[in-house]
Structures are given as C-alpha cells and as structure tokens.
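Have the model open beside you as you read.

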Amino acid sequence: MLRFTRFRSSVLRGSVALPALAGLAALAALTLAPGARAQFNVPSAGTQVHDPTPLKPPPGAKVAIVEWEDMECPDCGRANPLLREAAAKYNIPLIRHDFPLAFHAWSFNAAVNARWLDTKSKKLGDDYRDAVFANQQAILTPDDLAKFTQKFAQEHGVAFPFAVDPQGKLAAEVKADYALGQRVGIEHTPTIWVVTANSKGAPFVEVVDRSKLYQLIDQALADTKSASAAPAPKRPSSK
C-alpha cells in the first residue's frame, strides 16, 4: 500500500500529448512535497475523514464501493480484480476516483487517457483502467504507456489522438478528483470504502482489511434492508 504525507497540486499547462509530453504532464500535474515517501504496509488505523460528503452511493443505489486509486500503484492493481468481482457479485456500483501520486511517472497520464476513453463509453474507459492494472509490470515508462494505450485503442476500434487533452479539461477533472480526495483525507492508495444510504449502521466503512470486503458489504446490505423494513414512527394524534 502506498502512503504519503502531503502533496500540493501545480497547474498543468497545454495539452497532454503522446508520447513526447507524457512524462512532462505527469510531473507538471502534481509536485511531490518534501518528506513524501512510499510505504508498503497497511495503516494501523483507518483514514481520518475530514469531509464525508463524497462517501455515499450514487443516486438510486443503497450500497456502493468507493475507491481512490492510482493506476501505477501496485497495490491498486492487486485490489482491482477483487473490487470488480465484489461489485459484480452484489450488483452494486464501483465508484473510482483518481489519485495519481507524483512519484509515479505515468499514472497521471493514464488517468487522463482513461477519461478520454470515458467520452467514448464509460465501459471502454473502465476496460482501459482494468487493462492497465493487469499490465502494470510491462508499463515502465510514459512511452510504454503511450504504446500500450495506442494498441488498446486500436484493438477496440478507436482512433486515439496524439494530443489527448488540448484544452486541459480532462487533466482538470483528474486534479479535481485528487483535490476531492485531499478534502476527504486520503493518505494512501488504494483507499476503499463501503458506503451506504439510509442505513441503520455506519454510513461508510473503510476497507482496511480486504479479506473482509464481502463481510462489510453483507453488513451494509443488511443495515440498509433493516432500515427500509423499520416501521415509520407514529405521529401523535390531535385531539
């Protein structure tokens, strides 16, 4: 699991181009603050949540999985199949937020690429994310990512442009997700919650131990079901 102390965002200027500007985009997008480091261990305590507003299911859903991810993060790659399988098994949404870490050479570019593919279809964007996670070990540099992305797009019948984001709109969306994570209190990737709406239990629970993911979802579903089944309080009658 990757942890860090603090980052600050810098302004990304110009387009995200493949492959020549790929590394520059990642460096310009996020600047690593002094003291930031990678630490491969599970935090002893959960994330200290500062703003819980984003930790809720999308409209129409009672339970969801919410994740902040970095597409170059090895532990995110390990978590990804489990989260997809759980979302499919329980038929609940998997809400993925971008949180590219500055010391990763190509994660910001990958997030921008995925958002461009989202504009073709959300499934295509998510398929790209899954493919990147599954092939992390073969993607060592921004140039590797550029070649991988072009091949992925070609195999899916899409013409991937050289200048992915000439107006910087997609980069702004990635940075907005990053800022949202900072407001929540994200300190590592992946950070994963099971979130509920109208629940008798906790509205959100962080998945610190992923072996308990299914147990947490079962509990969340039970809490929302019992909340729905609870009778409405009787209103006092007027005399």
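In helix H4, the buried residues are Leu 124, Gly 125, Asp 126, Tyr 128, Arg 129, Asp 130, Ala 131, Val 132 and Phe 133. Buried here means under 20% relative accessible area, exposed means over 50%, and partly exposed covers what is in between (1.4 Å probe, protein chains only). Helices (H or I, at least four residues) and strands (E, at least two) are DSSP runs, numbered from the N terminus.

The structure is a predicted model, in which local features need pLDDT of at least 70 and side-chain atom pairs count only at pLDDT 80 or more, while totals for chains, interfaces and linings use all residues. Residues are numbered from 1 along each chain as its sequence is written, and side-chain values use heavy atoms, with hydrogens and water left out.

**Helix H4 and its neighbours**

H4 has 13 residues and reaches 18 Å from its first C-alpha to its last, close to the 18 Å expected at 1.5 Å a residue; the expected span is 1.5 Å times one less than the number of residues. What do the buried residues of H4 pack against? Their partners are S4, helix H2 (74-90), strand S5 (94-98), helix H3 (107-118) and H5. Contact means heavy atoms within 4.5 Å.

A pair of aromatic rings is described by the distance of the centres and the angle of the planes. Rings of Phe, Tyr and Trp (its six-membered ring) pair if their centres lie within 6.5 Å; planes under 30 degrees apart count as stacked, over 60 as edge-to-face and the rest as tilted. Searching the whole structure gives six aromatic pairs. In one of them, the ring centres of Tyr 128 and Phe 148 are 6.4 Å apart with planes at 45°, so the pair is tilted. This pair links distant parts of the chain, with Tyr 128 in helix H4 (residues 122-134) and Phe 148 in helix H5 (residues 142-155), 20 residues apart. Tyr 128 and Phe 152 have ring centres 5.3 Å apart and planes at 70°, so their pair is edge-to-face. Phe 152 also lies in H5, so its pairing with Tyr 128 in H4 ties together parts that are 24 residues apart in sequence. Tyr 128 and Phe 152 are both buried. Together, ring pairs link Tyr 128, Phe 148 and Phe 152 into a cluster.

Phe 148 counts as buried because its relative accessibility is 18%. Its C-alpha is 9.9 Å from that of Tyr 128. Leaving aside neighbours within four places in sequence, Phe 148 is in contact with Tyr 128, Ala 131, Val 132, Asn 135 and Ile 139.

A salt bridge is a side-chain nitrogen of Lys or Arg within 4 Å of a carboxyl oxygen of Asp or Glu. The structure holds 13 salt bridges, including these:

| Pair | N to O distance |
|---|---|
| Asp 126 and Arg 96 | 3.4 Å |
| Asp 127 and Lys 123 | 2.7 Å |
| Asp 126 and Arg 129 | 3.0 Å |

Asp 126 lies in helix H4 and Arg 96 in strand S5, so their bridge ties together parts that are 30 residues apart in sequence. Both Asp 126 and Arg 96 are buried.

An α-helix has 3.6 residues a turn, so residues three or four places apart point the same way. Asp 126 and Arg 129 both lie in H4, three residues apart, about one turn of the helix, and both are buried. Salt bridges that share partners join Glu 69, Arg 84, Arg 96, Asp 118, Lys 122, Asp 126, Arg 129 and Asp 130 into one network.

Asp 127 and Lys 123 are four residues apart in H4, separated by about one helical turn. Asp 127, at 25% relative accessibility, counts as partly exposed, whereas Lys 123, at 58%, counts as exposed.

Which side chain of opposite charge is nearest to Glu 67? Glu 67, in strand S4 (residues 63-69), is buried yet has no salt bridge, and the nearest such side chain is Arg 96, 4.6 Å away. Lys and Arg count as positive and Asp and Glu as negative; His and the chain ends are not counted. Not counting residues up to four places away in sequence, Glu 67 touches Leu 83, Ile 95, Arg 96, His 97, Pro 190, Thr 191 and Ile 192.

**The whole chain**

The secondary structure comes to seven helices and eight strands. Buried residues make up 47% of the 239 residues in the chain.
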